[in-house]
Amino acid sequence: MNEALAQLPPLVANHVLLSAAALGLALLIGLPLGIAASRRPALGTVALGAAGLVQTIPGLALLALFYPLLLAVSALVGGRIPALGFLPALLALTLYALLPILRNVVAGLRGIDPAVRQAADAIGMTAWQRLRLVEAPLAAPVAMAGIRTAAVWTIGAATLATTVGYPSLGNPIFAGLQTEAWTLVLAGCIAAALLAIVTDVLLGVIEHGIARRQRGRVIAALIAVVAGVALACAPLLATRARTVTVGAKNFSEQYILARLIGKRLEAAGYHVAYREGLGSAVAFRALSSGDIDVYVDYSGTLWTGAMARRDVKPRAAMLAEITRWMAAGPKTRLVGPLGFENAYALAMRPGAGIVSLADLAVRAPRLTLGADLEFLDRPEWRAIRDAYSLHFRATRAYSPTFMYRALASGQADVISAFSSDGRIAADHLVVLSDPREAMPHYDALLLVSPARAGDARFLAAISPLVNRIPVEAMRTANYMVDRDSGKASPEAAAAWLAAKIDAQ
Amino acid sequence: MRLSTDSPTDAPWLAFEKVTLRYDGVSAIDTLSLKIAGGCFLALVGESGSGKSTLLRLVNRLEVPQEGYVFINERDISGMDPIRLRRGIGYVFQNVGLFPHMTVAENIAIVPRIAGGEPVDVAAALQRVGLPPSFADRFPAMLSGGEQQRVGIARALAGGGKMLLMDEPFGALDPVTRDRLGRTCRALHDELGLTTILVTHDMAEALLLADRVVVLAQGQIVADATPRQMLCGGAGPEADALVRVPREQAARLAELAR
């Protein structure tokens, strides 16, 4: 629990910074747009319709949409617009916050008695005086209620920024969900909820203060809001110096390896930040663009994904080609393999009499395949499906942890497992062999960004990990995190793995 | 532009010259010409839709005519800055239009405030319309309809202008309040030396308060006379018809009392 709490302050800081920036930007757009929309009914219909449409897109989907959008824009201007991290999160949350602000500003202004507006004109107010002295104060209580709603929504939705690689209170929630560390999930949820409640209360004081014309309360609450944002963001200033970012995809092994790498970098004097829960394609792009400095990927993933290769080559030839391809194309660097493979394999409960994919092909039409969230969209699945003509009765997607549960409970008969997964040995699962060698190798590879490719100090800190992690050690470390009872945190598993490496 | 002067005799002249205003091709004001002398209390009478409110709104450029000219002190108002023009003209509405988020004092003080002028003496402004100084800190919602309209009149006069436009100011009030407020307005007109235009559909009110009564129908003047001329007949059939109503009511009341 203490461990979970210790990592919160920088996450709260980033969470508050993102939420405040998104709300600020939404106000900057929403207030003038709302004023214009209240005066031109046609514009009001269009603006409110568009904002309402955005609101129907699930938050996660909206964030996901900005990634390809920003990539395209970045390619268009040939510049380096970051497609991951702060920018996509900011844009998505701003759009999300726009509707309640816009709707309430328009409602507040339209609710003003026409006689009052006419009186303002007749006594000779300029348009600006009318807005400032009459319309703004009269619409303010309604508008403030909308701002309050927007603030609470934004703080909640900001947890999703984790998925596009921006650290937020979603980090412990997503990491905890993957590793079934419920204290982490709770820590993230409670912290986000507290933030939302405190913000709601403060903005509520402002709202009532405006409605009852209590200037003192409004100013006091405003000061509290500004001071709160500044206080929450303070940890960001403290950790600005020489920060490097370690990336991790969304499963236990990646969380453990990220900590293992991070601890070595900290020992070498770097401040380390983590971007966790990245998807496969996102992770490599994040490395190429320098959004993350280092992470672990797998040769087969790069081969079929980023390199778009369809052939299968022996291990050594594959590594040599990946090294060449990286130096020539994305300028990233392959530091070396870690020494184990985490290959995709199909696994089953024992006792079915199926030992190979060839056996499985015959029985598959009566069986259900449980896959992780990305397996069914991956070229590996297409490769074995086509090589063995696999057709299942049904396929279902699960997060990795729940996938093993589904296999154990009989909801799935076959799952897409990983060869380094500790649960294979623990659950006595049968890993189906691949006699036609349709699947490429999945050596765990240590990769660094273009900026770190020639950074001797950085490379010296992490290269001792090359070829030092046998698959048994990795399985054990993974199982420490993944098992149902007495589970360890990724940090603890990484520490165990580090000790194991040093003892060799 | 100076609409305000110290001498009552300097109250502004107003002239409409062949003014036409159309909404969607339909004439609200139809080639209307009218001259109003400085210091005159003029009542504009007519049925709903006759164009009397529109004519009032043409004076401070809340409406702009398609044809013709409006002059104040022989200056064409189409060449004036509408904001400065409006600050020099008091305007009172039937539905008052006090700013609900401001106190009575703030509602009155807003007029010089927006013009960047000298702060107004709120107590004196309230006294002028017959309200005690204790009303200064109240909000409009705490006042009766008649009290609200008194504040509306105080606000209209706070700019110090010598022209007062009133658009059915007593329309929503009970008869007793209405009568009392009408007299207050006439007294203020005389005391401050104003040029006043009162729009009303009540002929009796027009006859009792005004120096001159103009009857409008379909955007044109159908009668223009002093109250005495109107009551004596000879101001035209439309005026006669309007005068007949209160007169017959009075006769019937007299009958009842007998």
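A:N467 sits in the loop that links helix 19 (456–462) and helix 20 (471–482) of chain A; helices here are DSSP runs of H or I with at least four residues, strands are runs of E with at least two, and both are numbered from the N terminus. Although A:N467 is not a glycine, its phi is positive, about 60 degrees. Most residues other than glycine have a negative phi.

Before going on, a word on the model. It is predicted, with local features needing pLDDT of at least 70 and side-chain atom pairs counting only at pLDDT 80 or more, while totals for chains, interfaces and linings use all residues. Residues are numbered from 1 along each chain as its sequence is written, chains are lettered from A and ligands numbered from 1 in the order in which they are written, and side-chain values use heavy atoms, without hydrogens and water.

Let us stay with chain B. Its open sheet of 4 strands runs in the order 2-1-4-5 with antiparallel pairing, where two strands pair if DSSP finds at least two bridges between them. Strand 2 (26–36) and strand 5 (75–76) of chain B form the edges, each pairing on one side only. Strand 1 (residues 14–23) and strand 4 (residues 67–72) of chain B are joined in the antiparallel sense by 5 bridges, and B:L14 stands opposite B:I72 in strand 4 of chain B. Helix 1 (residues 52–59) of chain B packs on this sheet, touching strand 1, strand 2 and strand 4 of chain B, and its direction makes about 120 degrees with that of strand 1. That angle is taken between N-to-C directions on a scale from 0 to 180 degrees, using lines fitted to C-alpha atoms, for helices over the stretch in contact.

Now to where the chains meet. Contact (heavy atoms within 4.5 Å) links 17 residues of chain A with 22 residues of chain B. The area buried between chain A and chain B is about 1700 Å², with carbon and sulfur atoms giving 68%; this is the accessible area (1.4 Å probe) that two parts lose on being put together, summed over both. In chain A, A:A122, A:I123 and A:R213 lose the most area to chain B, together 32% of what that side buries.
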